[in-house]
Structure formats: C-alpha cells, structure tokens
Amino acid sequence: MKRIEINPMTRLEGHGKISIFLNDEGNVDNAFFQTVELRGYERFLRGMPIEEVPRTVSTICGVCRGVHYTASVKAADAVYNVAPTPTARKIRELFLNAHYVEDHCAILYALGFPDFVVGPTASPAVRNLIGLIEIVGEQTGRAVLKKRRSAVRIMEILGGRPLHAVAAVPGGWSKRISEEERQEILELSRDLVELGQMTLQVFEDVVLKNKQFMELVLGDMYKVVCNYVGTVDEQDKLQYYDGIHKIVDPAGKEIGRFQGKEYLDYIAERVLPWSYQKMPYLKKAGWQDIADGDNTSLYCVGPLARYNIGSGFDTPLAQEAYEKMKETLPPGPVHNIMVYHWARAVELLNAAEKVRQLAEDESITAPDIRTPLGEAVGEGVGIIEAVRGLLIHHYKTDSRGIVEDCNLIVATTHNKGPINVAIRRAADHFIKDGKVDEGILNMVEMAYRPYDLCLACATHALPGRSPLQINIYDAQGKIYETMQNF
Amino acid sequence: MPEKVKLAYLLAGGCAGCDMAVVDLSETLLDVLPQLEIVFWAPTVADVKYKDLEAMPDGSIDVGLVAGMVRLSEQEHMVKVMRRKCKTLIALGICASMGGIPGMANMHSKKEIFDTAYFDTFSTDNPEGVVPRTNCLVDGKYELTLPDFYEKVRSVASVVDVDYLTGGCPPHHSFIGAALTAVLEGKLPPRGSWLTGGKAVCDVCKRNPALQGKERELIQDIKRVTDGEPEQDKCLLQEGYICLGPVTQGDCNAQCPNVNMPCRGCGGPIPGVKDFGLRAVSAIAASMTDEKLVDKIDCPAKLFYRYSLPSSILGGKLK
C-alpha cells in the first residue's frame with residue numbers, strides 16, 4: 001500500500017499533517033488528519049488564581065486573540081457565581097465583536113478570497129494576500145488593511161493592548177470607557193461597517209457572479225454531511241458572546257440545546273493514538289469512527305454551522321445579506337463547506353454593525369464595571385461562539401478561586417472529524433489510478449481551507465496558504481517522489 | 001536604489017501573536033515591504049520553498065526573525081537552519097527570548113501533561129487507555145507517525161545563539177515597526193543585546209510615585225487583582241497588587257498598569273538581570289513592610305516566572 005504524506009509545516013511547527021493511503025489500484029483507501037497541538041495548558045493552569053487565567057489562556061492563539069480570553073472570563077464569572085455588570089457586559093461584547101471583524105477580515109482576504117480572486121488554479125506563488133492585493137490594486141489593499149486596523153485599535157482601547165488583552169476580571173472589566181474613547185470607537189466603527197459591506201460586495205462580484213466558482217461552492221467534492229452546533233438567542237438569531245447552544249442533525253432537525261456544564265451531556269472527546277489532538281463526537285449517537293452521513297456522530301462548528309442552526313442575524317444589513325444566502329442556497333442545512341466563506345463575510349458585517357450599535361450607546365461609559373466577588377463556588381463553564389466556532393472553557397477551583405482542574409475544547413478540536421472527512425473525500429475524488437500531480441496539492445488544500453483557520457489556529461500558523469509536503473512511498477516504504485509547495 | 005534587505009521569518013512553537021503583531025502594522029507594513037526582500041516567511045506572506053531555504057548559502061539572508069519556543073525536534077531543526085542562513089538572527093517576542101507562557105509547562109513532566117490531556121479531562125473518552133504515539137499502526141495497515149515531543153520547553157535563544165532578543169507577548173506593533181526601521185537603517189546595538197529602550201515599566205508608568213514627586217511607600221498587604229479596585233494613578237505594587245514593573249523592560253509603555261492591571265513581566269528583564277523570577281522576588285520582597293508577606297502570594301512560580309521559566313537557572317521543576 002502506498003502512503004502519501006501531506007505535511008503542513010510539520011518540520012517547522014510540528015503541528016499537523018495528512019497521511020493518505022492508496023490501495024493497489026492507486027485509489028484512496030483511507031486518509032488521516034493528524035494534529036500535533038499540545039502545549040499542556042490544561043495542566044499548567046492548575047494552581048493559578050482564576051483571575052490570572054484570561055490573560056494567560058489568551059496566548060493559546062494569537063490569531064484568535066479575543067476568544068479564549070472572553071470564554072475564560074465568563075468561566076471565571078461562573079466560578080464566583082456572579083454576572084458582569086451591565087456596562088462590563090457591553091464592553092466585553094464590544095471587544096468580542098471588534099475581534100470578529102479583524103479576524104474574519106484576515107481569514108477572508110488572506111485565506112478565502114485568494115482562491116477565487118486570484119483563481120483556484122493559479123500558481124501557489126501568487127495565490128495569497130500579496131497576489132490578491134496586486135489584482136485588486138494597492139489602494140483597495142490599503143483600504144482593507146486600514147479598516148481592519150480600526151478593529152484592532154478598538155480592541156486595544158478596551159483591552160489595554162492590541163493583542164492578548166488584560167482588562168477582563170471576574171465579574172467585570174478593569175477599565176472604564178471614557179466619553180472620548182467612546183467617540184473614537186464610534187468613529188472607527190464606520191470603517192468596520194464599510195469593511196463588511198465592501199467584503200460582501202467582493203464576494204458577490206467575484207464568486208456569486210461566476211458560474212464556474214458557484215459550481216465549486218456547491219459541488220459534491222467539498223461536502224461533509226454532519227451535525228451542527230452553534231449559539232442562538234431566544235428568537236433563534238445568532239449570538240457570539242452568550243446564548244443557548246443548539247445542535248441540529250444533518251437533516252436540520254434539532255436534537256438538543258445546552259448551556260454551561262450540560263455540554264458534558266452531549267459532547268465527548270475520543271483519544272486517538274495517531275494524533276495529539278482528540279476527536280469530539282456527539283454522545284447521543286455514540287462513537288462511530290470517522291464517517292459522515294445521516295447517522296454520523298461527528299459535528300462541526302463555525303460560520304457554516306451557525307448558518308445551519310440559526311435563523312438569521314439581529315442587525316439589519318447582515319439580515320439582508322443572510323436572506324440573500326437563503327434565496328441562493330438549497331433549503332435546509334447546507335453541507336457544502338465552501339459556503340463557510342460566504343457565511344463568514346455576512347458575520348463580519350453583523351459584528352461590525354454590533355460594534356456600531358454598542359458604541360452608539362452612551363451608557364457604555366457608565367462607572368459600574370465591576371461586580372464585587374464573594375467566595376468562589378468552585379466550578380465554572382464559559383462558552384462562547386469563537387470566530388471559528390463553539391469554544392468551551394471549564395474550570396474547577398477551591399473556595400479561593402485557585403484552579404484545580406480544567407478542560408478546554410476549542411473550535412479546531414470540534415471540527416477535527418469533519419476536516420478529516422473533507423480531506424478524505426477530496427483525496428478520493430481527485431486521486432485516481434495512482435496519479436498524483438501538483439494539482440492535488442491545490443485540491444486537497446481547498447478541502448480543508450474553509451476550516452483552515454481552525455487548523456492555523458491550532459498549528460499557530462498565519463491565515464493563508466498552508467505549506468504542504470507530499471511524500472509518495474512505494475510498497476517497500478521508500479520515498480520515490482516528494483512534492484512541496486513551500 | 002540600495003539593495004533590498006533579505007528577510008526571513010519563522011514561527012516555531014507559538015501562538016502566532018507575534019506574526020499577527022507584524023500584520024497589525026497594516027499600512028506601515030506595505031510601506032516597508034518595498035525595501036525588503038522576503039526570502040522566507042513561513043507560512044504565509046511568501047511561498048518560498050523550504051528546500052530553497054535549505055539550499056541557500058549559509059549566511060545569505062540579512063535578517064531572520066524567529067518567534068515561538070521549542071518543544072519539538074522539528075522546531076529545533078528549523079531554528080538551527082535559520083541560524084545558519086541568517087547573518088543576523090532576532091528572537092521576536094518573549095517565547096523566543098525566554099520561553100514565554102508555554103514555558104510554564106516546565107513545572108510539569110511530559111507524563112503529567114499527557115495524563116491531563118488524555119485521561120483526566122472531563123470530556124475525555126478513552127476506553128482503551130490510548131496515548132498518542134510517535135509510531136502507530138492503525139487497523140493493522142495504516143502506519144502513522146508523529147513528531148517527538150520533548151520533555152521540556154526551551155527558548156529559541158537557548159537552542160541557538162541569537163544576535164538580538166526582544167520582549168513582549170507579543171511586542172506592540174509600533175515596537176516591531178521601530179525595530180524593522182532600525183534594521184533597515186542598520187542602526188542596531190552590539191550583538192547579544194536586547195532591542196529595547198532600556199527603561200523599566202515603572203520608568204514609563206504614570207502610576208510611579210517617583211514620577212509624581214512622591215515617596216514610595218512599602219507594601220502593607222498582598223492583594224489579588226480581584227480584591228477591590230485599585231486607586232487611580234496610585235502605584236499598584238504599593239497598594240499590594242503584585243506588579244513586576246520594577247524588573248520588566250518598559251517598551252510596552254506600561255499598557256497593563258494603564259488599564260489598572262499589574263505587569264506580569266512579558267517585556268523581559270531589565271538590563272543586567274540573569275534570572276528574571278529571582279530578581280522579581282527579591283525586588284518585591286524588598287518593597288514590603290514584612291518579607292513574610294511573600295508567603296501570601298499564590299502560586300509564586302507561575303507568577304514570577306510566567307514568561308521566563310525555561311530561561312531561569314533551574315529551567316523548570318526539577319523533581
């Protein structure tokens with residue numbers, strides 16, 4: 001049996017790789033997505049006071065700069081059984097939504113759009129952010145970067161630093177927002193809304209109006225049929241900071257809702273001997289190995305999952321864009337993973353509108369930023385919709401709030417099974433009769449790219465092209481060909 | 001036009017925060033790009049082949065930036081390749097310079113870390129008690145390998161000789177911009193130095209009593225950041241909130257104390273300090289009315305060595 005090893009940066013970072021096995025006919029027998037992501041946070045957080053945790057766990061990922069921070073401070077609230085003050089809650093939401101804007105922007109322009117703007121079969125040398133800027137023009141490139149930076153600036157004003165913020169405390173926020181700062185944020189929020197509108201326009205012009213690309217978006221080779229988990233409010237509108245976590249099956253039927261510690265009733269993580277990362281599944285269906293389909297126990301999270309579980313957005317411009325998606329796409333859950341990018345663009349606009357709404361609210365400058373804390377109740381779960389999907393932080397502490405135990409399930413981990421399926425499907429589709437050429441690099445890359453920022457997040461890579469190495473082994477296990485795109 | 005400066009960028013084991021801080025330069029990045037030839041930037045900006053990097057003559061790259069720490073053999077290998085290829089190698093950020101937050105894992109053995117991840121965590125399902133292995137045969141026919149996971153985290157600076165060190169988790173984008181400008185203008189200090197303004201956080205902190213013309217008071221009690229609210233403009237340390245500003249480089253402009261949160265030392269040690277945590281303990285104990293107050297500090301190893309444990313004299317927990 002031949003083994004093809006696709007090795008995204010393993011020798012650089014050692015975080016993840018793909019191994020594809022071919023049968024004697026040279027067709028795909030199986031494929032594995034292996035992750036090397038273990039820095040031991042769950043262990044070394046033990047002994048630390050819970051209030052030190054947010055600024056520590058933020059460093060799990062610098063791309064996801066706002067999400068571990070937010071989920072862990074919500075967990076810290078729960079450890080003390082307090083809610084943030086109304087003002088602190090608004091500040092936290094503002095912070096998270098500004099993060100959505102800068103992060104979705106980075107993903108789309110560096111990762112999603114180059115495939116379409118530069119072209120799916122373009123040379124890898126130009127199919128990246130720089131190549132994209134060359135095509136759309138430096139002026140547009142500058143405008144995007146400038147507007148994205150406005151979101152980063154908002155995070156800096158609120159969190160104290162542009163990256164790995166420090167101002168969150170259990171029950172609140174350490175810093176008040178002055179009226180002057182609110183005015184600055186309001187001004188910056190205009191950039192964000194414009195960025196959202198501009199981004200949807202790019203998507204429409206480049207992808208929606210291109211028949212060939214739409215076939216790619218709706219084709220069967222980039223499709224994973226699985227369950228979906230996301231967060232909604234009482235009106236079933238998507239929420240990022242807080243809400244009810246809803247699960248739907250591949251047919252779109254709701255199979256459960258949970259909050260806080262109830263996640264343990266629905267989700268388990270299987271340890272695999274061949275990956276440093278575990279593979280979660282829905283407990284209800286039981287562990288059924290790595291397969292998609294109507295009865296699968298695999299589920300995915302992120303923009304596509306949120307599109308599939310919710311009924312739209314709570315801001316007008318995003319809702320309008322969502323309705324357009326609904327008209328264009330088939331009814332029911334959409335399993336075509338390229339739609340991730342479209343949903344991402346709509347969410348960018350939604351988050352930008354939320355930033356503007358929150359900044360328009362003068363009460364965000366109120367002085368009530370901290371709820372006094374009593375004794376810790378000893379356990380807390382914080383769940384948010386991270387940019388890449390559901391994020392769970394769960395801590396146990398002593399009565400003084402000193403961490404004794406912790407459990408983290410990040411978006412990348414939830415998506416591990418579906419990513420594995422996506423890769424296997426694309427490999428199966430494109431590798432026939434032992435023929436492996438440079439095109440496979442592109443095609444396999446495109447299969448995991450919709451989730452890729454999850455992968456990049458776990459592997460600490462920048463949003464963008466993931467370098468791949470494919471080693472083709474003969475039956476004796478000797479390498480007879482190596483291809484790289486880096 | 002002068003020849004372009006050849007630049008390479010590598011992220012070893014890190015969170016990509018330093019990379020994103022470079023991206024946060026935004027338009028400034030576009031301004032400096034024409035003066036740079038990016039010969040390698042794993043993984044995004046330049047699609048330069050890794051084998052091409054290895055094939056480049058040793059010493060052919062002007063400046064290399066390396067972020068992140070070293071936990072895996074592959075990371076060690078790549079860091080060494082970067083050292084060979086780059087005339088000047090800069091450790092970017094506190095992970096590369098001192099080990100960073102992931103370095104706190106050195107308080108635990110590899111076995112403890114694996115036990116937590118694969119057995120003890122609440123949602124783990126491991127009926128057969130498996131642990132990821134470097135070599136594994138799945139279903140009797142699929143041979144899969146994983147890279148080796150070292151017992152301890154090391155900083156890049158302890159794996160190879162770096163020419164310059166920088167602090168920050170991550171460094172502020174404006175600091176990176178200034179450092180890049182210094183590189184382009186050839187205005188670099190002697191090799192082996194930290195790229196820093198040389199001031200402590202306290203020197204640039206608005207709360208510093210000395211800068212307000214006041215006497216420094218001794219610490220009366222130890223407080224956690226959740227104990228009440230600090231007074232505006234008053235020194236956090238003086239109020240009892242342990243702040244590592246006195247021993248930390250202040251290239252951040254005291255951003256954390258500015259939002260009422262104490263410094264945790266991500267900027268790296270002020271000049272002349274060999275062991276950050278030891279110096280921090282002695283500096284802080286010396287500002288207390290009673291040295292025994294130190295005993296009231298929770299989990300001191302993970303406070304005083306939060307960003308620098310692998311670079312401490314002990315390097316981590318010994319037994």
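Predicted model: local features only at pLDDT ≥ 70, side-chain atom pairs only at ≥ 80, totals over all residues.
Q: What share of the chain A contacts join residues at least 24 apart?
A: Take the contacts between residues at least 6 apart in sequence. In chain A, 68% of these join residues at least 24 apart.

Q: How do I read a sheet, and which order do the strands β12, β13 and β14 of chain A take?
A: Strands of a sheet pair through backbone hydrogen bonds, in either a parallel or an antiparallel way. In chain A, an open sheet of three strands runs β12-β13-β14, with antiparallel pairing. β12 (379–386) and β14 (403–409) of chain A each have a single partner strand, so one side of each is without a neighbour in the sheet. From one strand to the next, the twist averages 15°.

Q: How many bridges join β12(A) and β13(A), parallel or antiparallel?
A: Eight bridges, in the antiparallel sense, link β12(A) to β13 (residues 389–397) of chain A. To find one, look at I383(A): its bridge partner in β13(A) is I392(A).

Q: Which strands of chain A does helix α4 of chain A lie across?
A: Helix α4 (residues 67–79) of chain A lies across β12 and β13 of chain A. The helix runs at about 150° to β12(A).

Q: What is the strand order in the open sheet of six strands in chain B?
A: The order is β2-β1-β3-β5-β10-β11 (chain B), and the pairing is parallel. The edges are β2 (36–41) and β11 (193–194) of chain B; each has a single partner strand, so one side of each is left without a neighbour in the sheet. Strand β1 (residues 5–11) of chain B pairs with β2(B) over five bridges. Within that pairing, L7(B) has I38(B) of β2(B) as its bridge partner.

Q: What does helix α4 of chain B touch on the sheet?
A: Helix α4 (residues 73–85) of chain B touches β1, β2, β3 (61–67) and β5 (86–92) of chain B. Its direction makes about 135° with that of β5(B).

Q: How do I read a pocket, and how many residues line the largest pocket?
A: Rolling a probe the size of a water molecule over the atoms shows where empty space is left. The largest pocket holds about 380 Å³ of space and is lined by 20 residues. Nearest its centre lie L272(A), W274(A), W287(A), D289(A) and V138(B). Two elements give two or more residues to the lining: β3 (28–35) of chain A and β7 (135–138) of chain B. β3(A) gives the most, with three residues.

Methods
Residues numbered from 1 in each chain as written. Chains lettered and ligands numbered in written order. Heavy atoms only, no water. 1 Å grid on protein atoms, 1.4 Å probe; cavity = no way out; pocket = protein on both sides within 12 Å on 5 of 7 lines; lining within 4 Å. Points joined across faces, edges and corners; volume = space filled by probe spheres on them. Helix = DSSP H or I, 4+ residues; strand = E, 2+ residues; numbered from the N terminus. Pairing = 2+ DSSP bridges. Contact = heavy atoms within 4.5 Å. Axes fitted to C-alpha atoms, helices over the stretch in contact; angles between N-to-C directions.
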